[in-house]
Amino acid sequence: MIYTENLTFSFNETTHFSFPNITNNASEIVLITGNSGKGKTTLLHLLGGLLRPKSGSIFIQDINISSLSEKELDRFRGRNIGLVLQQSHFVASLNVLENVVLASWLATGKKATEKAKSLLKQLDLEDQMYKLPSNLSVGQQQRVSIARALINEPKLLLADEPTSSLDDENAFKVADLLAHLSKEYKAALIIVTHDQRLKDKFSNQLNLN
């Protein structure tokens, strides 16, 4: 479960955001929408602990992540938050399987190789796991990002524009996968998007205006 209280953020004196409170329970999906410049990605980065709020609180599993030290936050994020960002940031020299396994090793100190293989198979990437990410299609890369985000069974799954660069077939496939996997892993799912296809698919929406 995640909930926020009175969350604000400032990039500078002229760019200030005040965000509505959010509550999202295990297996629930919230779509965050809004025009460009309204702070959608900023909010997602705050929820993921990639940015620190100016004021307010972010609670995940009753832990106020805003009060954690950088070291504590890194550890907490690795074990409890799965991130699917617009840019995948794969390690170019590692194959698909190694990139997913790396996420487990960084968070826990253990290489969950068999679990990574199972996830990739579940995401229809069994034949791609020994390829370099650069040799995959955009849709395949997005599914690898999802596998990497899920490897540590996070309590919160965050996705930033996960379908914006995909055609209709792959966009709906990724949307269905995210919804299905959030239920399977009992993870709260928050998606930031301007994609009308997702707005038509998920009814629970928070519009930033």
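Helices here are DSSP runs of H or I with at least four residues, strands are runs of E with at least two, and both are numbered from the N terminus. Helix 4 is followed by D124, whose phi is positive, near 60 degrees.

The model is a predicted one, in which local features need pLDDT of at least 70 and side-chain atom pairs count only at pLDDT 80 or more, while totals for chains, interfaces and linings use all residues. Residues are numbered from 1 along each chain as its sequence is written, and side-chain values use heavy atoms, with hydrogens and water left out.

Within helix 4, which spans residues 113–122, the residues A116, L119 and L120 are buried (under 20% relative accessible area, with exposed meaning over 50% and partly exposed in between, for a 1.4 Å probe and protein chains only). These three cover an arc of only 95 degrees around the axis, which puts them on the same side of helix 4; the arc is that of the directions from the helix axis to the C-beta atoms. The face turned away from this buried side carries the exposed residues E114 and K121. Contact, defined as heavy atoms within 4.5 Å, is the basis for the cover of the buried residues, which includes the two helices tabulated here.

| Helix covering the buried residues of helix 4 | Residues |
|---|---|
| Helix 3 | residues 96–108 |
| Helix 5 | residues 138–150 |

In the contact of helix 3 with helix 4, V96, L97, V100 and V101 of helix 3 meet T113, A116, K117 and L120 of helix 4.
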